[in-house]
Structure formats: C-alpha cells, structure tokens
Amino acid sequence: MGSYNYYRMFGCFNRKFKISEWQPPPEVGEAFRRYAEGADHMTADQLLKFLVEYQREEEGCSAADAEAIMQKVFQRRHQTSRRRGLTLDDFFYFLFQDDLNGPINPQVHHDMTAPLQHYFIYTGHNSYLTGNQLSSDCSEIPIIRALENGVRGIELDLWPNSAKDNVHVLHGRTLTAPIPLMKCLTSIRDHAFVKSPYPVIITLEDHLTPQLQAKVAGMVTQVFGDMLYYPESEGLEEFPSPEALKHKIILSTKPPKEYLASSCNKDGETKDSSEDEQLLRETSDPIAEAEADDKVNQIGSDQDDEDCDASRQKSGTLAAPEYKRLIAIRAGNAKNGLRHALRNGADKVNRLSLSEQRLEKAATLYATDVIRFTQKSILRVFPKSTRVTSSNFKPTGGWMHGAQMVAFNMQGYGKSLWMMHGLFRSNGGCGYVKKPDLLMMGGPDNEVFDPKLTLPVKKTLKVTVFMGDGWRLDFSHTHFDAYSPPDFYTKIYIVGVPADAAKKKTRVIEDDWTPYWDEDFAFPLTVPELALLRIEVREHNRSEKDDFGGQTCLPVSELRPGIRAVPLYNKKGQKFKSVRLLMRFQFE
C-alpha cells in the first residue's frame, strides 16, 4: 500500500503525496553483489574486503572491525547480535550511518609531535561574549561551550573593576556587562580537556596596573596549579609540541614592559585606528602603501592592544615579575614596521596579531614573508573592529598564509563559521590540525608557497550526490511548505586558493522528503591540501527565498574515498539528529 503525507489545501480538501520507499542506489546494489559474490548475504570477510578495496580503508581496518560493524547493524535493525550476514538492506543501512561510515576519520591521526607553529589552532575571539561586541553580556557560558566544542584558543580582555582592586573580563569601553576573572579561570580549568587533551592557549588582552597583574598571577597559579605551563627561562627558542603539552594551560600576552613601550606614547595616548585606516586608504602606490602600512604597525599590530591605561606609565613600575614569568607565548609587536617584524622576526619565537584587513594588506604586498614568519612563530588574525554584530571573515585567507590562530566569534553564525567548523572536524576534532607541508617547507632557493600563483592541477575530486534522508524525522511535515512535501536540491562549493574556487548544484527534486539525485561532479584542484568542500541543501521556493535544509563543510585532504554517509548541521553548526546525505568521493 505504501505511506502517504496529507496536506490541507485552503482549509477545505487534502492533497495526498506518497512517501518514497527507502531504496539503495544502483551503485550500492552493484557493490553488494560484487563483494557478496552473488549471494544474498555478505560475510564479515567479504565486508572487510569491501572496506579495504572499495572504501580504501587499508590502514587500521581488521576482521574484528568488520565483525563489530555487523554486530552494530544487527543490534540496531534486528535487536539481535547473531545473523547469517548482512542483507542488501543491512548493507545499505550501514552505508547510511555516519557513525559507522562517516566521510572523515573520527580519530586523532595527525603527527602531534611537531612544534606548535606547525598546526592550525581552533581559536576564539572575545570568548566571553554572549552576543554582539557592544552591549551583550559577558559570561563563562560561551567559554565552556567553546571548550566543549574543541576550541583550544580562549581570549580574555582584562580590565580593573570600578574600585581598581580586582580584575574583570569585559570588552573595554563598551556597554558589555563584566564578569569576574576568577569565574572565567575556574570554568576553563573545569572544562579545558572535556573534548580534547591538547593544550589550551589563553590569550590575554591586558589593561591592568602592575599591582593587578600580580593579582592575576596569583589567581592563575592558584586555579591552574600544575596544569599551567611556562618556560623556566625567559622566552622560548622553540615551541613545544601539542603532544608534550597535553593537559596544559598556556598564557599568551605581551610582556608588561614591552606592552608599555609599544602601546603608549610619552603622553599615554594611542593613535586612533580610524587614522590608520585613512592613511592606508590615501596611499595608492604599492611601495608607498607598504611604507604607510609599516608606519601604522609601529603603533602595535593588534588593534585590541591599542588602548592603554596611562596610569601604568605614570606609576613608573614597568612589570610585575611574577606575572611576566608565567607568559609562555610572548606576543611581539611591529615597532619597526610589519615588514621588518615578518622578515627579521626575533631570536626567540613569539606571536604576532593582525586584524583581518592588515593581514589582507600584508598578504597582497608580501605574502611569502608572512608564510616564512609562520614557519617559526605564531600569527593570530582577529576580526576588524567594525564587526559589531560578531560576524566573521573568510578564514581561508589566514590559513593559506600559514596563520595558526584565526580567531573567530564563535557566536557569529554563518558561512565563515561553517568553514571554521569544517576545518576543525579534522584530526578527531581535537582542535589542532597539522598544517600541510607546503606551508612549512622552503625550496632549494629558500622560496616558499605563494597562494597567488596558479599551479598545475594536482588531483581531481569526483563527488557523487546520491540521495538524502532524515528531514521528515527532524522537521514538521509543513516546515518547508504548508501544501506539499519539500523540493530539495544540493549546492556544492570548493573553498580554498583562488584557482580552486568552484560551485555547482543538483537539480531540484520536487515533492519528496527522500530526494534521489544521483548526480556526479568533478573539481580539479591545484592545492587540495588547503581546499574545503562546503555542502548546503536548500528547499526551492518559487515565491520567496529558498529555505535552508542543512549544511556541512569538510576538509578535502581528510575525505575518505568511497560511498559515505555525510551528516548535516543546522545554521549554528549543531548536528541534526537524522538528516544526512549519501555521497561518494573519488580522487584521480
């Protein structure tokens, strides 16, 4: 007989739509018959052969793994652990389960023994804010949520309270309501390693007197104890590895004396950032523009650092030694110009911060210098100050220039944050992703990767979108259309170096909760190591904007070949319970 959906039309009669049967695509049936050798059941040995040959799971795939998959399928579908073998429907069910057959490796599998600068690090910006940058509350809740999602870089802005005897966390000179520093620190301690054992880096934007810096040092030592990592001598000649820093907390900020020297002029004032931007706009010659950029960056490379409490300067006390010694990753400055900082660096490794527009300018004028800098030290990139709604910028510009800490507003939902989520699904979601070798190595003449150059195609990614399912379980039957089932289509994007950018889409399947497309797409890639595959399902709407049906973003370098179940996420990056696509990935 079949099942039907009924939709009320104009309040007077019903429209009846048959629900499509959940059937395997022809390719799934062909694979089953091939590896079951014509039988109606597939054994564990035959499943293992399919996993190794068709799915290319040569590493770490054993007969025990195949047997465990079969047991899980039997338990879920038949509530028993023993059957003759997998039927075609069992096999199809297995292929459509993302926890058993997902598109990327769910385990930590990158080399974690290289120095920190060899990794992209999942980093937040103003991690304590619950909403916009001007008037939202400050809270420990966004910090906890970020850590539980695998974020490894937490940013705190430190300011004196009104009595000048304690430390608050807030976005300075705005209407954001403060939160005590101690509450943030204890929240970090209690949740730092729930998702990942690898180190948490706390970047501090410090607007404190030396007396309050000493108070912070006491708080940090009290809360973190042996969890806190700091070098025995001043500064690091080389960063330790994530493996060596497991379950450690690391502080990163400007050493106090250096902060005063770079942030304030003799009157304790700072130059208005709008003057900096005007200076950049008024220069059109590339050389003059570079020189102007250098002058701008003499003030301090992090706009968040450009405010300064003049009382610290007038007090005559330059540093709290107990605070200074706890700073493991020292934030440098570009006091002699950004080009000088990038080209000459320092004897000891450090961190440099740039706003998104300054990175864009630096990348335009001296991209290879930026990449060389990131081969030894850490570059942090943060959103421009005009992003008051907590929106984000496209992160790929930072990544393709080697920037390890692309700092994002984790509450700023949208396509840019989806890309951030996508990259850090890599490597088991541990918050550290090994940078590709092309960003860390130089050629025989010390040349480095240049993202602006168009290189030959290295490989072609072939994508098949077979079908989708799960919307009828996660949405009401009138969510997309009050009068009929949804009309779904899938959009596919490649995001990476400019030469690899591409977008394609399937046809619209009308009136079907289980759309079957079976369409193939090919994407030639010159730098697959830096490419992301972004997928978005939309519901076609003839009279209004198309509705959102789910999204995901996956690093191309992490994609597992073969037929895979691809789970989709909502606009906030939360995984749907049931919605997923069945896709195939091949590399040539």
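Select strands β12 (residues 351–355) and β13 (residues 378–382): they run parallel and are joined by five bridges. Strands here are DSSP runs (E, at least two residues), numbered from the N terminus, and two of them pair if DSSP finds at least two bridges between them. What you have open is a predicted model, where local features need pLDDT of at least 70, side-chain atom pairs count only at pLDDT 80 or more, and totals for chains, interfaces and linings use all residues. Residues are numbered from 1 along each chain as its sequence is written, and side-chain values use heavy atoms, leaving out hydrogens and water.

Which way do the β12 residues point? Arg351, Ser353 and Ser355 go one way, Leu352 and Leu354 the other, and all are buried (under 20% relative accessible area, 1.4 Å probe, protein chains only).

Next, select helices α7 (residues 181–191) and α8 (residues 210–224). Their axes come within 10 Å and cross at roughly 30°, which makes α7 roughly parallel to α8 (angles under 35 degrees count as that). The axes are lines fitted to C-alpha atoms over the stretch in contact, with angles running from 0 to 180 degrees between N-to-C directions.

Now show side chains: Leu181, Met182, Leu185, Thr186, Ile188 and Arg189 in α7 meet Val216, Met219, Val220, Gln222, Val223 and Phe224 in α8 (contact means heavy atoms within 4.5 Å). By type, the residues of this contact are nine nonpolar, two polar and one charged.

Finally, zoom out: the chain has 19 helices (H or I, at least four residues) and 23 strands.

Key:
Angles under 35 degrees count as roughly parallel, over 145 as roughly antiparallel, 65 to 115 as roughly perpendicular and the rest as oblique. Ala, Val, Leu, Ile, Met, Phe, Trp, Tyr, Cys and Pro count as nonpolar, Asp, Glu, Lys and Arg as charged, and the others, Gly among them, as polar. Buried means under 20% relative accessible area, exposed over 50%, partly exposed in between (1.4 Å probe, protein chains only).
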